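This report covers helix packing, the ligand shell and some backbone details of one model. The sequence and structure come first.

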Amino acid sequence: MPRERVIRGDEDGGRRGLGGGNSGRPPDHARGGQPFDPDDDAFDDALRPQRLCHVIGQNKVVERVRVMLDATKKRGDTLGHLLLDGPPGIGKTTIATVIPRELSVDIQIAAGPALSAPKDLLPYLTNAGHGSVLFIDEIHRLPPAVEEFLYPAMEDFRVDIALGEGLNARTINMQLKPFTVIGATTRSGMLTAPMRDRFVYREHLDFYELEDLVELVCRNATKLKTDVTREAAHEVARRSQGTPRKANNILIRTRDYATLRHAEGKITTEIAAEALEMLEIDGLGLERQDRRYLQTLMDVFGGGPAGVQAIAHSMSLPADTIEDDVEPFLLRSGLLQRTPRGRVATDAAFEHLGRRRSQGGGEGGPTLF
Ligand code: ADP
């Protein structure tokens, strides 16, 4: 999740990383030859596309964003509010930060869980310049009071501020400058209908095609000044669960491995396969936690159906983490089914883990006789 910060929209991408241009300070990784820390913001910033033309894949979404931006610029207007939804690491923040750059306006970044009361949101609203962007990550986690405070701000660019209490209480109405809210969510289903309706534009980002991720790995290897063969890039991409953030993280780890194992630090198929094995990422791209989820579902619940809360308890993990980070890819890859009675491991999941479904387990659940 990005930190709260203000980026000037007209800042050259090159000044904030490797995304574009060659002016300004050198990219973080080039300074003093420091290796990247995948959890470091600098790493994310360095690989994050800075312009819409650098965004890989999501062609339809990019095309529609391009149309909204061009029309907004032509009218000299403020962009309508935009909601981006999709699994974690798929490019929501990337698109949200590219937009103000394209429009040459400022951006403020806030996170839903950090806005616990209307007073936390107020400074963002009063600071919002004409046409600027307020990006709210995890917007589905805004408390109801904050959400209600945001409605008039989004609709009429005004806020109602309550002053004093009891008999002396009064409300002042404050006019704001027209601005754009870009909301990002991993759970559009959890947004209230009034909140969802206030977004003129809504875009869903889906998992990436393999070819797009191969392109991403090759491009980012160049940014990291690392050689990677096309086959090795394919191997990294194939095991990245269709997610750019995972592809980037695997690339970084593979590059570390290549630095130690290959004379020129080149990422070959062999090196990539060894690194992926070390990272315990299997042939389908499942990580340890994904396999643990399936194993729990099979061993404890006979393959299901089982409720997500029950699985979460058995794994000692929050249900949110499971729903956001683990299940989307398992569902998409046909290893898991969501039924009205709960989660069910498919035959493909049993086969992948080399297990046999126990008698009476599966769709129908255990039987009494
Ligand atoms: P989200 O906000 O959906 O969790 P991010 O936008 O933070 O995901 O993406 C994570 C990382 O993946 C970014 O730092 C960026 O390097 C990379 N990335 C995401 N989408 C793209 C894309 N379409 N093209 C190139 N890189 C991308």
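At roughly what angle do the axes of helix 3 and helix 4 cross?

## Basis

This is a predicted model, in which local features need pLDDT of at least 70, side-chain atom pairs count only at pLDDT 80 or more, and totals for chains, interfaces and linings use all residues. Residues are numbered from 1 along each chain as its sequence is written.

## Helix 3 and helix 4

The axes of helix 3 (residues 59-75) and helix 4 (residues 92-103) cross at roughly 30° and come within 11 Å. Helix 3 is therefore roughly parallel to helix 4. Helices are DSSP runs (H or I, at least four residues) numbered from the N terminus. Axes are lines fitted to C-alpha atoms, for helices over the stretch in contact, and angles run from 0 to 180 degrees between N-to-C directions. Angles under 35 degrees count as roughly parallel, over 145 as roughly antiparallel, 65 to 115 as roughly perpendicular and the rest as oblique.

On the helix 3 side, Val 65, Leu 69, Thr 72 and Lys 73 meet Ile 95, Ile 99, Glu 102 and Leu 103 of helix 4 (contact: C-beta atoms, placed from the backbone, within 7 Å). The residues of this contact comprise five nonpolar, one polar and two charged. Here Ala, Val, Leu, Ile, Met, Phe, Trp, Tyr, Cys and Pro count as nonpolar, Asp, Glu, Lys and Arg as charged, and the others, Gly among them, as polar.

## Helix 8 and helix 9

Helix 8 (residues 210-223) packs on helix 9 (residues 230-238) at an angle of about 120°, with the axes 8 Å apart. The two helices are therefore oblique to each other.

Residues of helix 8 in the contact include Leu 213, Val 217 and Ala 221, and those of helix 9 include Ala 233, Val 236 and Arg 238. By class, the contact has nine nonpolar, one polar and one charged residues. In the loop between helix 8 and helix 9 lies Lys 225, which has a positive phi of about 55° although it is not a glycine.

## Ligand shell

The ligand is surrounded by 20 residues, the closest being Gly 91, Lys 92, Thr 93, Thr 94 and Pro 244 (C-beta atom, placed from the backbone, within 6 Å). Nine of the shell residues are nonpolar, seven polar and four charged.

Helix 2 (41-47), helix 4 and helix 10 (244-261) each supply at least two residues of the shell. Domain 1 (6-52 + 208-278) and domain 2 (58-204) each give at least three; the domain bounds come from an automatic or database domain assignment.

## A cis peptide bond

The peptide bond from Gly 304 to Pro 305 is cis, with omega near 0°. Pro 305 sits in the loop between helix 12 (288-299) and helix 13 (308-315).

How values were computed
Contact = placed C-beta atoms within 7 Å.
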